[in-house]
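Look at the model shown here and read the paragraphs below alongside it.

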Amino acid sequence: AHKNGKKPSLVFGDTVEIAKEIENLIRAGENPKDIAFIARNKKELENVQTELNKLNIQSDIIVSELLIDNPYFKNIADLANLFINNELTLNLANYLSMVKGDELSKAKDLEKYIEDEKELLSDKLSDLSNEEKFNYYMELINELKDESNAVKTFISLVEGKGFSDIIPLVDYINDLRNFEADIVTEKDTSNEDVVTLITAHSSKGKEYKNVIVGLDSFKSKSK
């Protein structure tokens with residue numbers, strides 16, 4: 001969890017003391033993005049975040065979430081269904097809000113803008129086979145993989161299944177939703193220079209320059 005061989009700071013104390021330890025690191029010149037606090041569960045992270053907010057220190061809580069609950073997954077799932085039913089105008093609107101949010105907000109006639117985009121997509125898809133539709137769909141969502149961990153997780157799932165046709169892909173996506181699949185993905189963060197608050201489980205494989213471990217919760221759990 002730490003890099004360059006630096007040992008984690010082990011802190012015995014409440015959330016106020018942990019927040020002060022983080023504040024001291026920042027005052028000493030450390031970049032907030034190089035600081036991580038590790039706790040046992042999300043509730044403890046939220047308590048530390050509350051104290052950091054009082055010190056005007058921004059932070060991100062990194063925990064896992066269900067893939068089907070992620071807004072990026074919801075939108076790319078809607079897009080897939082649009083590929084086999086171009087009457088799903090709301091699906092297109094949701095997708096456009098994700099990839100063309102600025103253009104959408106500036107459109108003088110929102111309904112016409114969406115209809116024009118719908119016509120462009122329909123014309124594009126009308127000339128494609130189901131295999132070509134699959135390739136075009138994957139091309140579109142690959143453009144989003146750096147925007148969300150959920151997109152990366154979904155792409156890995158699709159590649160693992162070996163799909164090459166849009167129809168079985170859409171069936172698979174709808175099964176994930178209908179049967180409330182318990183596939184998890186790492187929750188998206190702000191990607192800004194903020195302190196990372198992360199559970200011990202989620203921290204596996206990650207590296208930070210400065211790691212603070214709140215030992216009180218771990219100690220009380222082991223008694």
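This is a predicted model: local features need pLDDT of at least 70, side-chain atom pairs count only at pLDDT 80 or more; totals for chains, interfaces and linings use all residues.

Residues are numbered from 1 along each chain as its sequence is written, and side-chain values use heavy atoms, with hydrogens and water left out.

Start with helix 3, residues 71-82. Helices here are DSSP runs (H or I, at least four residues), numbered from the N terminus. The expected span of a helix is 1.5 Å times one less than its number of residues.

Buried means under 20% relative accessible area, with a 1.4 Å probe and protein chains only. Because 10 of the 12 residues of helix 3 are buried, this helix is largely enclosed by the rest of the structure. Among the buried residues are Y72, F73 and L82.

Next come the aromatic rings. Rings of Phe, Tyr and Trp (its six-membered ring) pair if their centres lie within 6.5 Å; planes under 30 degrees apart count as stacked, over 60 as edge-to-face and the rest as tilted. The count comes to 4 aromatic pairs. One of them joins F83 and Y136, tilted, at 5.9 Å centre to centre and 35° between the planes. F83 lies in the loop between helix 3 and helix 4, and Y136 lies in helix 7, 53 residues apart. F83 counts as buried, at 2% relative accessibility.

Technical notes
Helices (H or I, at least four residues) and strands (E, at least two) are DSSP runs, numbered from the N terminus. Buried means under 20% relative accessible area, exposed over 50%, partly exposed in between (1.4 Å probe, protein chains only).
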